[in-house]
Amino acid sequence: MASPEAPESVVQFALDKLGGLDYLVLNHIGGVPAGTRARTPQATRWLMQVNFLSYVQLTSRALPSLTDSKGSLVVVSSLLAAKFALDSFFGSLRRELDVQDVNVAITMCVLGLRDRASAAEAVRGVTRVKAAPGPKAALAVIRGGATRAAGVFYPWRFHLLCLLRRWLPRPRAWFIRQDLNVTAAAAA
């Protein structure tokens, strides 16, 4: 999804092979590409393309098929800054579809760190959070998408953090920093 052309070709491939879509699950994330410093304009552009713009591009290409099938869009997000824009975009899209009486469900899934080896290695020394079981997180996403739930939070405490971000933005940042080793994150 690092290339602006990739989302178009991925959805077109699925439409060609399947003839339409009932579900679109958006679940990919990109860290800073190898050989790129974390705070450069190139790294920022890359992160925005992979973690936000590709989600928007995939959705805009798949939306006509999802509309025809009265399908579901499942958006897997997190509390990471690069993923934060997803909540606003897909919340706005949900309202727009409601106003237009379009029967496409949007399920926002906010997940914590899962116990995958690649995830553990990527955040070693950066977080104090204990990883949650990946299969339980996957089941929460599947259940939320199948029931057309508006939101899925795993582990449950992420629901509280998401409520805090709307009501009390400054304390929310404090809570998130409690789980991070800020000096290690800044060095990355």
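Buried means under 20% relative accessible area, exposed means over 50%, and partly exposed lies in between (1.4 Å probe, protein chains only). R61, at 24% relative accessibility, therefore counts as partly exposed.

This is a predicted model, in which local features need pLDDT of at least 70, side-chain atom pairs count only at pLDDT 80 or more, and totals for chains, interfaces and linings use all residues. Residues are numbered from 1 along each chain as its sequence is written, and side-chain values use heavy atoms, with hydrogens and water left out.

1. Start with R61. Its side chain meets that of E8 in a salt bridge, at 3.0 Å from N to O. The term means a side-chain nitrogen of Lys or Arg within 4 Å of a carboxyl oxygen of Asp or Glu. R61 lies in helix α2 and E8 in helix α1 (residues 6-18), so the pair ties together parts that are 53 residues apart in sequence. Helices (H or I, at least four residues) and strands (E, at least two) are DSSP runs, numbered from the N terminus. E8 has a relative accessible area of 44%, so E8 is partly exposed.

2. The structure holds 2 salt bridges. R95 and D98 form one of them, at 3.8 Å from N to O. Both residues lie in helix α3. They are 3 residues apart, about one turn of the helix.

3. Aromatic pairs. How are two rings described? A pair of aromatic rings is described by the distance of the centres and the angle of the planes. Rings of Phe, Tyr and Trp (its six-membered ring) pair if their centres lie within 6.5 Å; planes under 30 degrees apart count as stacked, over 60 as edge-to-face and the rest as tilted. By this rule the count comes to 2 aromatic pairs. In one of them, the ring centres of F52 and F89 are 6.1 Å apart and the planes stand at 90 degrees, so the pair is edge-to-face. This pair links distant parts of the chain. F52 sits in helix α2 (residues 41-69) and F89 in helix α3 (residues 81-99), 37 residues apart.

4. The aromatic cluster. F89 also pairs with F90. That pair is edge-to-face, with 4.9 Å centre to centre and 90 degrees between the planes. F52, F89 and F90 form one aromatic cluster. Which of these residues are buried, and which are partly exposed? F52 is buried, at 15% relative accessibility. F90 is buried, at 0%. F89 is partly exposed, at 26%.

5. Paired strands. Strand β3 (residues 105-111) and β4 run parallel, joined by 4 bridges. Two strands pair if DSSP finds at least two bridges between them. M108 stands opposite G151 in β4. Strand β4 (residues 151-154) has two faces to compare. V152 and Y154 make up the covered face, G151 and F153 the uncovered one.

6. Positive phi angles. Most residues other than glycine have a negative phi, and most peptide bonds are trans. D101 is not a glycine, yet has a positive phi of about 55 degrees. Where is D101 placed? D101 sits in the loop between α3 and β3. D101 is exposed, with a relative accessible area of 70%.

7. A further positive phi. R148 is not a glycine either, and has a positive phi of about 60 degrees. R148 lies in the loop between α5 (134-146) and β4. With a relative accessible area of 34%, R148 is partly exposed.
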